[in-house]
Amino acid sequence: MKISTLKLKNFMLFEEIEINWSKNINIICGANSTGKTTLLKVMYSMLKPISKGAVKPTSREIGEQQFVEKLQGVFRPDEMKIGRLVSRKRGSNRAEFSVVLDSGQKISIGFGNRQENHADVEIEGKIPAGGFDAIYIPTKEMISTTEHFTALYEEYHLDFEEMYYDLARFLDRPLSKGANTSEQDEVLRNFENIMKGQIVQKDKKFFLKVKGEGEFEMGLLSDGYRKLSMIIYLILSGSLNRDTVLFWDEPETNMNPKMVRPMVQAMVALARMGVQIFVTTHDYFVQQEFNMLKVYPELCPDNLDICFLSLYREEESQEVKCEMERAASDLKHNAIMQEFDAIYDREQRVIYGT
């Protein structure tokens, strides 16, 4: 199951926007405060209540409440009032948003800015419960804190967005039985080439096992390596598979640029496996690695569908708009390349004194 279309109206930064997504890989860029992470969060919040392992609602009211609670947990508005997610305008206002899935089903949600704990939810078409998973990889790693995090989150009010709890629960899963598929092995090779070792779990603690050097606990590894370790274990446990939609927020955070290319290659292998991927990034290397796959077809012979979405503000109205192209180099609004060009120009002025 894949997301084909997202519509937002009066939701947080977005007055009105409609996006048609790629079934394979979607790269989202833009300056700060243009809503990149918001796009990931709202799609995740709409998929998670109907994903694998979700409790089947016994009534319409309970089903609606599951969507409300997920929005509250993921966005954490003040006092958990979902009305605070509506675009801020004078008087009463209403947010409406929807996702259309590739098999034709549609999930629509709406609520007013004075709502606290209620939303109107409509599902068109039969959605097969338990047929897919949604995984959100946030900017902070979770693999070094999994041992006690889920229990603490369930018992206490922790100031963490719910994606962290959901991810910790995935990491709690044991390894799946049986041999890996050839697709899984291809992805794992890319990641393990970066890591120079394998990920093992013992009593809910994770270690990097390096041949000839022993096992290193996650707390001794860099943040970037811990993030890659999470992906590896999600594949090994069967959580990340062909029936998964993956949301990855700024994968380059705390990562050395030399790790970007094999990381991109691993995401390409995931997409070949059937995973739909959404990535936000501020990084030139991440964007350009994906861009080269589109500009030079010989680098991606299976012609994966890779789309580049740019979010930007109109100069006069400051309204957030978007543009989508099949290559990053075709974007008219590209905050990453604009800053790259700006620093090059500054250097030239220093060199030539102009």
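Start by selecting N334. Leaving out residues up to four places away in sequence, N334 touches C29, Q287, S310 and A328; a contact here means heavy atoms within 4.5 Å. This is a predicted model, in which local features need pLDDT of at least 70, side-chain atom pairs count only at pLDDT 80 or more, and totals for chains, interfaces and linings use all residues. Residues are numbered from 1 along each chain as its sequence is written, and side-chain values use heavy atoms, with hydrogens and water left out.

**Stop 1: around N334**

Stay on N334. It sits in the loop between β14 (320-325) and α9 (335-352). Helices (H or I, at least four residues) and strands (E, at least two) are DSSP runs, numbered from the N terminus. Is N334 buried or exposed? N334 is buried, because its relative accessible area is 4%. The cut-offs are under 20% relative accessible area for buried, over 50% for exposed, and in between for partly exposed (1.4 Å probe, protein chains only). Now show A328. Its backbone oxygen lies 3.5 Å from a polar atom of the N334 side chain.

**Stop 2: the cysteines**

How many disulfides does a search of the whole structure find? The search finds 0, where a disulfide is a pair of cysteine sulfur atoms within 2.5 Å. C307 is in no disulfide, and the nearest cysteine sulfur, in C322, is 12 Å away. C307 is buried, with a relative accessible area of 1%. For C322, the closest cysteine sulfur belongs to C29, and at 11 Å this is too far for a bond. C322 counts as partly exposed, because its relative accessibility is 24%.

**Stop 3: a five-stranded sheet**

Colour the strands of the open sheet. It has 5 strands in the order β2-β1-β4-β5-β6, with antiparallel pairing. Strands of a sheet pair through backbone hydrogen bonds, either parallel or antiparallel. Two strands count as paired if DSSP finds at least two bridges between them. Which strands stand at the edges? They are β2 (14-20) and β6 (120-124). Each has a single partner strand, so one side of each is left without a neighbour in the sheet. On average, neighbouring strands of this sheet are turned by 5° against each other, direction ignored. Axes are lines fitted to C-alpha atoms, for helices over the stretch in contact, and angles run from 0 to 180 degrees between N-to-C directions.

Zoom in on β1 (residues 3-11) and β2. They pair in the antiparallel sense over 6 bridges. Pick K7: its bridge partner in β2 is E18.

**Stop 4: two helices**

Select α4 (residues 162-171) and α6 (residues 223-236). They pack at an angle of about 55°, with their axes 9 Å apart. The two helices are therefore oblique to each other. Angles under 35 degrees count as roughly parallel, over 145 as roughly antiparallel, 65 to 115 as roughly perpendicular and the rest as oblique.

D166 is buried, with a relative accessible area of 7%. Its side chain makes a polar contact with the side chain of K70 (2.9 Å). A polar contact is a pair of N or O atoms within 3.5 Å; within protein, one must be able to donate a hydrogen and the other to accept it, and residues adjacent in sequence count only if both atoms are side-chain atoms.

Move on to L175, in the loop between α4 and α5 (182-195). L175 is exposed, with a relative accessible area of 53%. Beyond four places in sequence, L175 touches Y233, L236 and S237.

**Stop 5**

Select I143, in the loop between β7 (133-137) and α3 (146-155). At 3% relative accessibility, I143 counts as buried. F207 is 64 residues away from I143 in sequence, and their C-alpha atoms are 9.7 Å apart.

Finish with β9 (residues 205-210) and β10 (residues 214-217). These antiparallel strands are joined by 4 bridges. K209 stands opposite E215 in β10. The hairpin has 3 residues between its strands, and G212 takes a positive phi near 85°.
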